[in-house]
Amino acid sequence: NPKFTRQGFKTTFRVVADDVHLGGTLGRYAVEQLKGKSIAVIDDRTAYGQGVADEFEKGVKGKGGKIAKREFTNDKATDFTAILTSIKAAKPDVVFYGGMDAVAGPMIRQMKQLGITAKFMGGDGICSGELPKLSAGAMDDGQVVCAEAGGVEGTQKVGMEKFKTDFKKKFNADVQIYAPYVYDATMVLVDAMVKAGSADPAKYLPVLAKTNGYKGVTGTIAFDEKGDVKNGALTLFTYKGGNREQIAVVR
């Protein structure tokens, strides 16, 4: 949530891109790459879902795109017939959903039943390995485009692969998506304490705020004046044959 770091805390830092970045990037992608002419937006009225949908809408409009319909549901809903019928009338080529995979799956299934062939987009809430199962096989190859905060490319991939191997060896479990970011957050904190020569927050916090060029597993870390990571990465994904596939890492 972008509002979190905009409250002026001197004790708060974030090592992943926020939802302004996530939603805005997806909005621009909908217009520029997917050539969306009629874009519909649905959200689940949660702080996350509505927030990321609002940022998506801003991203679309910023690139000269138009939002043909804006609807909302809730995070427990299972029947979207009324909303989708209303959206179908707008002949959408892109439908964005702000919310989680448990709702997105049935929504994709009901879109197919109603003959809506639009691309389906969403943030990290829908971008799960479970989505194909939750949509009961209704998802067409390449139909879904979603994004997660984070992502490495080029030479950084070597460090990430080593982290995954070491993690598996130590814990006998695969890395979950945000584990490398938790690791980097901890190590950036440690680095600031070492540089300050103290574990006293009054001494290491000003050093932590000035972090710049720290080489982490997830990339190079530097913080802006709000404590947000500068130049945060996002990874765009789609699904083919029921498997999630990376499209690109964008910043």
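**Aromatic rings in a predicted model**

Tyr183 is partly exposed in this predicted model, with a relative accessible area of 37%.

Reader: How many aromatic pairs does the structure hold?
Author: A pair of aromatic rings is described by the distance of the centres and the angle of the planes. Rings count as a pair if their centres lie within 6.5 Å. The number of aromatic pairs in the structure is seven.

Reader: What is the angle between the planes of Phe163 and Phe167?
Author: Phe163 and Phe167 are four residues apart in helix H7 (residues 156-171), which means that about one helical turn separates them. Their ring centres are 5.9 Å apart. The pair is tilted, and the angle between the planes is 40 degrees.

Reader: Is Phe163 buried or exposed?
Author: The cut-off for buried is under 20% relative accessible area. Phe163 has a value of 11%, so Phe163 is buried.

Reader: Which kind of pair do the rings of Phe163 and Tyr183 form?
Author: Phe163 lies in helix H7 and Tyr183 in helix H8 (residues 179-196), so their pair ties together parts 20 residues apart in sequence. The ring centres are 5.1 Å apart. Planes under 30 degrees apart count as stacked and over 60 as edge-to-face. Here the planes stand at 55 degrees, so the pair is tilted.

Reader: Which residues do ring pairs link into a cluster?
Author: Phe163 pairs with Phe167, and Phe163 also pairs with Tyr183. The cluster linked by ring pairs consists of Phe163, Phe167, Tyr183 and Phe171.

Reader: Where does the charged end of Arg244 sit?
Author: Arg45 lies over the face of Phe72, 4.1 Å from the ring centre. The charged end of Arg244 is 3.8 Å from a ring centre, and that ring belongs to Phe237.

Definitions and conventions
Residues are numbered from 1 along each chain as its sequence is written. This is a predicted model: local features need pLDDT of at least 70, side-chain atom pairs count only at pLDDT 80 or more; totals for chains, interfaces and linings use all residues. Side-chain values use heavy atoms; hydrogens and water are left out. Rings of Phe, Tyr and Trp (its six-membered ring) pair if their centres lie within 6.5 Å; planes under 30 degrees apart count as stacked, over 60 as edge-to-face and the rest as tilted. Helices (H or I, at least four residues) and strands (E, at least two) are DSSP runs, numbered from the N terminus. Buried means under 20% relative accessible area, exposed over 50%, partly exposed in between (1.4 Å probe, protein chains only). A charge sits over a ring if NZ of Lys or CZ of Arg is within 6 Å of the ring centre and within 35 degrees of the ring normal.
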